[in-house]
Amino acid sequence: MNKILSEAVRLSLTSKLGCYSWSLQALDTCPGSKDDTGALVPACAGCYATTGNYRFPNVIAPREFNRVDWQRDEWAMDMVRALVGQTHFRWFDSGDMYAIGLAEKMLDVMTRTPWCNHWLPTRMHKFGKFADIIARMMALPNVMVRPSSDAVDGTFTPGMHGLTIIPDAADAPDGVTVCEAYSRDGKCGACRACWNKSVPVIAYPAHGKKMAKVIRLALATA
C-alpha cells in the first residue's frame with residue numbers, strides 16, 4: 001500500500017511492517033544486486049519487489065518520483081518533518097542507496113530524527129566508498145544497518161552480514177534470529193528485531209514463487 005505521509009515526500013506504508021518506508025525502484029537502483037559477471041546474485045534474482053503489486057503503475061510511480069526528488073536541497077528537511085511522531089522507519093522496501101549523495105542525506109535525516117528508529121537493509125557495503133558513511137550510520141543509537149548476504153541458503157559472513165535468506169525456517173544457521181513474520185500471514189506484528197542492534201543476524205525464510213525457483217536452481221547446482 002502507498003500513502004503520502006506529507007505533501008513534500010512520498011513514503012510507502014506496507015501492511016507487513018506497520019510503519020513507513022522510503023523506496024526506489026528495485027534493481028534499477030541496486031548496483032550491489034549483480035556479481036562480477038553482471039548476473040543477478042541469487043538473493044536478487046528472486047527479488048519480491050519485482051513481482052506482484054510492485055509491478056503496478058501506482059506502486060512504481062512514487063519510487064520513480066523518489067529517484068529524482070531526493071536530489072532537492074530541501075529533501076532532508078522535508079523527510080525530518082515527515083518523520084515527526086514516527087517511532088520506526090524502514091529505508092528501502094525496494095531499491096538501495098545507490099549514490100553517495102543520497103547516503104549522505106539519509107545520514108543527515110537519521111541524525112536529525114533521534115526519536116525514530118531507522119532500519120536500513122543494503123548491499124552497498126560491497127563498495128568501499130560507502131564504508132565510512134555506513135560506519136557513521138551504525139554509530140547512531142537509533143540506526144541499524146543490515147548488510148545483506150547474496151545467498152539464498154542461509155550463508156553469511158559473521159561480522160559482515162546482518163541478514164540472509166533461508167529456504168525454510170528449519171534451515172536457519174546457528175546463531176541467527178529467524179524472522180517469524182511468515183508464521184503470522186506475513187505480518188511483523190509487535191516484532192522489531194530488524195531494528196534491534198542486539199540482534200546481529202536475521203534469517204528470512206524465502207517466500208514467493210520466483211524465489212522458490214531460484215532456490216531450487218541454487219540447490220540443484222550446489
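Analyst: Quick ground rule before we start: a residue is called buried when its relative accessible area is under 20%, exposed when it is over 50%, and partly exposed in between. And keep in mind that this is a predicted model.

User: Okay, why is aspartate 69 called buried?

Analyst: Its relative accessible area is 6%. The cut-off is under 20%, so aspartate 69, at 6%, counts as buried.

User: And what makes arginine 72 partly exposed?

Analyst: Arginine 72 comes out at 25%. That sits between the 20% and 50% limits, so the label is partly exposed.

User: How do you know that aspartate 69 and arginine 72 meet in a salt bridge?

Analyst: The N to O distance between their side chains is 2.5 Å. The rule asks for a side-chain nitrogen of Lys or Arg within 4 Å of a carboxyl oxygen of Asp or Glu, so this pair qualifies. As background, side chains of opposite charge can pair when their charged atoms come close.

User: What about aspartate 78 and arginine 72?

Analyst: That's a salt bridge too, at 3.0 Å from N to O. Aspartate 78 has 12% relative accessibility, so with the limit at 20% it is buried. Through salt bridges that share partners, Asp69, Arg72, Glu74, Asp78 and Arg81 join into one network.

User: Why is the pair glutamate 180 and arginine 184 called a salt bridge?

Analyst: Their N to O distance is 3.8 Å. The cut-off is 4 Å, so the pair counts. Arginine 184 is partly exposed, with 32% relative accessibility. Across the whole structure, the search turns up ten salt bridges.

User: Where does aspartate 93 lie?

Analyst: In the loop between strand E4 (88-91) and helix H4 (100-111). Aspartate 93 is buried, at 3% relative accessibility.

User: Last one: why is alanine 103 called buried?

Analyst: Alanine 103 has 0% relative accessibility, which is under 20%, so it is buried. Its place is in helix H4. Not counting residues up to four places away in sequence, alanine 103 touches Met97, Phe130, Ile133 and Met137. Its C-alpha atom is separated by 32 Å from that of aspartate 174, 71 residues apart along the chain.

Methods. Residues are numbered from 1 along each chain as its sequence is written. This is a predicted model: local features need pLDDT of at least 70, side-chain atom pairs count only at pLDDT 80 or more; totals for chains, interfaces and linings use all residues. Side-chain values use heavy atoms; hydrogens and water are left out. Buried means under 20% relative accessible area, exposed over 50%, partly exposed in between (1.4 Å probe, protein chains only). Helices (H or I, at least four residues) and strands (E, at least two) are DSSP runs, numbered from the N terminus. Contact means heavy atoms within 4.5 Å.
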